[in-house]
Each structure stands twice: as structure tokens, then as C-alpha cells.
Amino acid sequence: MAKKLELPKEINIKNRRATFDYTIGDTFTAGIVLTGTEIKSIRMGKASLVDTFCYIDNGEVWIKNMYIAPYAFGSYNNVGDRRDRKLLLTSREIDRLAKANKEPGKTIVPLRLFINNRGLAKIVIGIGQGKKEYDKREAIREREDKRNLARLFQKK
């Protein structure tokens, strides 16, 4: 008898580096154009948003460098694991993203990849403003202070 694959209960892949490196403004939820083996791999939790960014080309939004592991049972149907994938947004949202992307220091950053209640893969993207080095140090300091306070109250 074949062994059944154990799927994670809820898929929620985050880009933690994005919130550390950027101050996030507006966010948008977009669909992704995927092949059959890619969605199966995402449902197994085999994806990553590390070093991922979005760009606009001919009025379409694309995500670059998103890693989706090849599906184990995919054979010749598997495609490149870091290929560019098209994002599905309305024209009004694309116009807002294009206008924000033209401003200096702003970029389109993927924040979270998830499966919605209908079983479709969605990605949350945001308009990010790059942080300065001292802002990053401030964030680290605040996180450590919060952790130390939690430890103090936990001991009592």
C-alpha cells in the first residue's frame, strides 16, 4: 500500500527579512500563475520568499527569484524552481504599484505566501521603503528589550 503524504494544516510562508529591511506601506493580495506541480509543492510547504522581489513589465507584475521546490512525483512536469511568475492584480492596483515603484527608495516586496479557503495560492505584496542602518539597530534593540521583559515576567 502506498504511503500517504502528510500535508501541513495551514500554509503560511513569511518573508521575515522584508519587515526588517523595509518599512511596509500599502499591501495588496495577488494571485499567482502556477503550474500543477508548483501548487502541489506549495501545499506541502516547500516554498521560500528569501531574496524575492517584484517588478513591473509591460503593465504586468512579476515575482522574481521565488523558490518553489520541484514536486517529488512531478517527473517531466516540473519547471524551474526559481523562474519568474506572473502575479494577478487589477489594473488599478498595478497602476498604484507602478507609481510607487517610480519613487526613489521604494520597491515592491513580497511579504507572505498562503493558501486561501478555496485552495488557491495567494501572495501578499507591499510597497517597501528601505530602512537605514540605524533603524535596523533600533528594531533589534526593541526586540531584545521585549524578549528580556518577557523573561523577567515569566520567572515570577
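These legends walk you through several close-up views of one predicted model. Residues are numbered from 1 along each chain as its sequence is written, and side-chain values use heavy atoms, with hydrogens and water left out. Because the model is predicted, local features need pLDDT of at least 70 and side-chain atom pairs count only at pLDDT 80 or more, while totals for chains, interfaces and linings use all residues.

**View 1. The largest pocket and its lining.** Rolling a probe the size of a water molecule over the atoms shows where empty space is left. On a 1 Å grid over the protein atoms alone, a pocket is an open set of points with protein on both sides within 12 Å along at least five of seven lines, a cavity is a set where a 1.4 Å probe fits but cannot get out, and lining residues have an atom within 4 Å of a point. The largest pocket has a volume of about 200 Å³; a volume is the space filled by probe spheres set on the points, which are joined across faces, edges and corners. Of its 13 lining residues, Asn15, Asp21, Tyr22, Asp51 and Thr52 lie nearest the centre. Both α1 (16-21) and β8 (106-115) supply at least two residues of this lining; helices (H or I, at least four residues) and strands (E, at least two) are DSSP runs, numbered from the N terminus. Sorted by class, the lining has seven nonpolar, three polar and three charged residues. Here Ala, Val, Leu, Ile, Met, Phe, Trp, Tyr, Cys and Pro count as nonpolar, Asp, Glu, Lys and Arg as charged, and the others, Gly among them, as polar.

**View 2. The largest cavity.** The structure holds one cavity of 30 Å³ or more, and the largest cavity has a volume of about 50 Å³. Look for Thr37, Glu38, Ser41, Ile68, Ala69, Pro70, Tyr71, Asn78 and Val79 along its lining. Helix α2 (residues 36-43) gives the largest share, three residues.

**View 3. An aromatic pair, Tyr71 and Phe73.** The structure holds one aromatic pair (ring centres of Phe, Tyr or Trp, its six-membered ring, within 6.5 Å; planes under 30 degrees apart are stacked, over 60 edge-to-face, the rest tilted). The rings of Tyr71 and Phe73 have centres 5.8 Å apart and planes at 75 degrees, so this pair is edge-to-face. Tyr71 is buried at 15% relative accessible area, whereas Phe73 is exposed at 58%. Buried means under 20%, exposed over 50%, and partly exposed in between (1.4 Å probe, protein chains only).

**View 4. Lys136 in helix α4 (residues 133-155).** Lys136 is buried, with a relative accessible area of 17%. Not counting residues up to four places away in sequence, Lys136 touches Phe20, Asp21 and Lys131; contact means heavy atoms within 4.5 Å.

View 5. Most residues other than glycine have a negative phi. Asp51 counts as exposed at 61% relative accessibility, while Asn65 is partly exposed at 25%.
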